[in-house]
Amino acid sequence: DQVGEVGRLHQLAAALDRPLLMVDDLQWADPTSLRLLAALHARVPGLRLLLAYRSDEVPPDSSVAEFLRRTVGGPSVDLGPLTTSAIARLTTSPELATALDRHTDRSPLAVTEVVRELASRGAIVRDGHGRWRVAAPSVAFAVADLGARSQRRAISARAASRAAGSLARS
C-alpha cells in the first residue's frame, strides 16, 4: 500500500531528525529541475535525497546520470519487480495472480494499471479484506490483453481521457 509506504518514509525522516526530500520518476527530470535539486542539496544543511528512478531509462550520458554522479553519494537500492508472492497477496484468485505475474512486467505501476482497468470494467472487485477477487470469468484473458499494452500507453490513455473531461467541463 503506497500510502503506508509514504507514512513509513515520513517516520524514517523524523527518526533521522534531518530534512528529507523524496523525488519520484527522476528519470524524466529536465536539466532545470536537476539544477534545483542540486542547489537544494548543496544549500540545505543535512538534506537527504530519496530519489526513485528507473535505472534502465537513464542513459549514461544523460543529464540525470550526470546529476546522480555529481550529487548522490549515498546507498542505492534496486527494488526490482514485485515478487510472485507479493502479487499473490493482492488477490484471492490464483488465476488472477498467475495472469498478473505472467502478463505484466510485475512493476507496481504495471500491476496497478491492470488492476485499475479490471476494476473499472467490473471484472474484479475487492473482498471484505481489501484483496481482489474475480467477478468475471474471462479475467485471465483480460489481463493478458491489458498486460500486452505498454505501461506508457495505459498512462497516456488515462491522461488523455482526463484532459478530454477537463475540456468538456470548460
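Trainee: Is D24 buried or exposed, and how is that judged?

Mentor: D24 has a relative accessible area of 56%, so it is exposed. Keep in mind that this is a predicted model, in which local features need pLDDT of at least 70 and side-chain atom pairs count only at pLDDT 80 or more, while totals for chains, interfaces and linings use all residues. Residues are numbered from 1 along each chain as its sequence is written, and side-chain values use heavy atoms, with hydrogens and water left out.

Trainee: Where does D24 lie?

Mentor: Helices and strands here are DSSP runs (H or I of at least four residues for helices, E of at least two for strands), numbered from the N terminus. D24 sits in the loop between β1 (20-23) and α2. Although D24 and R54 are 30 residues apart along the chain, their C-alpha atoms are separated by 9.6 Å.

Trainee: Which residues of helix α5 are buried?

Mentor: In α5, which runs over residues 94-103, the buried residues are L96, A97, A99 and L100. They lie on the same side of α5, because the arc they cover around the axis is only 165 degrees, the arc being that of the directions from the helix axis to the C-beta atoms. The exposed residues P94 and R102 are carried by the face of α5 turned away from its buried side.

Trainee: Which residues of the largest nonpolar core touch the most other members?

Mentor: The general idea is that, in soluble globular proteins, nonpolar side chains tend to be buried together. A nonpolar core is a set of buried Ala, Val, Leu, Ile, Met, Phe, Trp, Tyr and Cys residues joined through side-chain atoms within 4.5 Å. The largest one has 16 residues, of which L96, L100, L118, I124, V139 and V143 touch the most other members. Two or more residues of this core come from each of α5, α6 (108-121) and α7 (139-148). A second, separate core has ten residues, including L37, L51, F67 and L68.

Trainee: What does S93 touch?

Mentor: Contact means heavy atoms within 4.5 Å. Leaving aside residues up to four places away in sequence, S93 touches W132 and V134. S93 belongs to the loop between α4 (84-88) and α5, and it counts as buried at 11% relative accessibility. A polar atom of its side chain also lies 3.0 Å from the backbone nitrogen of L96; such a polar contact is a pair of N or O atoms within 3.5 Å, where, within protein, one must be able to donate a hydrogen and the other to accept it, and residues adjacent in sequence count only if both atoms are side-chain atoms.

Trainee: How many salt bridges are there?

Mentor: A salt bridge is a side-chain nitrogen of Lys or Arg within 4 Å of a carboxyl oxygen of Asp or Glu, and by this rule the count is five. An α-helix has 3.6 residues a turn, so residues three or four places apart point the same way. E117 and R121, four residues apart in helix α6, are separated by about one helical turn, and their closest N and O atoms are 3.1 Å apart in a salt bridge. E113 and R116, also in α6, are three residues apart and meet in a salt bridge at 3.7 Å, N to O. Of this pair, E113 counts as buried at 9% relative accessibility, whereas R116 is partly exposed at 37%.

Methods:
Buried < 20%, exposed > 50% of the residue type's maximum accessible area, 1.4 Å probe, protein only.
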